[in-house]
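Please examine the sequence and the three-dimensional structure shown below.

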Amino acid sequence: MTKYFRSIIEQDRCAVVICNLKHEIIYMNPAAVKRYARRGGKKLVGQSLLGCHNEKSCEMINEVLDWFKKSTKNNIMYTYHNDKQNKDAYIVALRDEDGTLIGYYEKHEFRDAEKGEAYHFS
């Protein structure tokens, strides 16, 4: 199954940055590497996500992680809407098979309708 999950993440057009509980970036999909190229792209892997955020954002990220730890039912938190890109952002808990919190990632959901023609093969 791992190769299937990896393929899903690798093909996603949205940036996916996965962090462990120490806020270390442990994975960036190709869309994330491209999106964050100005900040170092793939070189961000191994660095702290908190270094990419202001003090208030870091505080909020830590509060969300504390909330995730309180219950296995606490798994997704809406964080903001980006008007320029017309998208919502969420922090999502990552848990192991026992439900133990092992990390988190940020999820973006775009609100714009797809502009391409359905089932158009180019």
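Which residues of the largest nonpolar core touch the most other members? This structure is a predicted model, in which local features need pLDDT of at least 70 and side-chain atom pairs count only at pLDDT 80 or more, while totals for chains, interfaces and linings use all residues. Residues are numbered from 1 along each chain as its sequence is written, and side-chain values use heavy atoms, with hydrogens and water left out.

A nonpolar core is a set of buried Ala, Val, Leu, Ile, Met, Phe, Trp, Tyr and Cys residues joined through side-chain atoms within 4.5 Å. Buried means under 20% relative accessible area, exposed means over 50%, and partly exposed lies in between (1.4 Å probe, protein chains only). The largest core has 17 residues, of which Val17, Ile25, Met28, Tyr36, Leu49, Phe68 and Tyr104 touch the most other members. At least two residues of this core come from each of strand E1 (17-20), strand E2 (25-28), H3, E4 and E5. Helix H3 gives the largest share, four residues. Helices (H or I, at least four residues) and strands (E, at least two) are DSSP runs, numbered from the N terminus. In soluble globular proteins, nonpolar side chains tend to be buried together.

When its neighbours within four places in sequence are left aside, Phe68 is in contact (heavy atoms within 4.5 Å) with Asn74, Asn75, Ile76, Ile91, Val92, Ala93, Arg95, Leu101 and Tyr104.

Attention now turns to strand E5, where His108 is placed. His108 counts as buried because its relative accessibility is 8%. Its side chain makes polar contacts with the side chains of Lys87, at 2.9 Å, and Glu106, at 3.1 Å. A polar contact is a pair of N or O atoms within 3.5 Å; within protein, one must be able to donate a hydrogen and the other to accept it, and residues adjacent in sequence count only if both atoms are side-chain atoms.

Charged residues form another part of the picture. Side chains of opposite charge can pair when their charged atoms come close. A salt bridge is a side-chain nitrogen of Lys or Arg within 4 Å of a carboxyl oxygen of Asp or Glu, and by this rule the count comes to five. In one of them, the closest N and O atoms of Arg111 and Asp88 are 2.8 Å apart. Arg111 lies in the segment after strand E5 (101-110) and Asp88 in strand E4 (residues 87-95), so this pair ties together parts that are 23 residues apart in sequence. Arg111 is exposed because its relative accessibility is 53%, whereas Asp88, at 7%, is buried. Another salt bridge joins Glu59 and Lys56 (3.6 Å, N to O). These two residues are three apart in helix H3, so about one helical turn separates Glu59 from Lys56.

Asn54 is partly exposed, because its relative accessibility is 48%.

The last stop is helix H1 (residues 2-11), which holds Tyr4. Tyr4 is exposed, since its relative accessible area is 51%.
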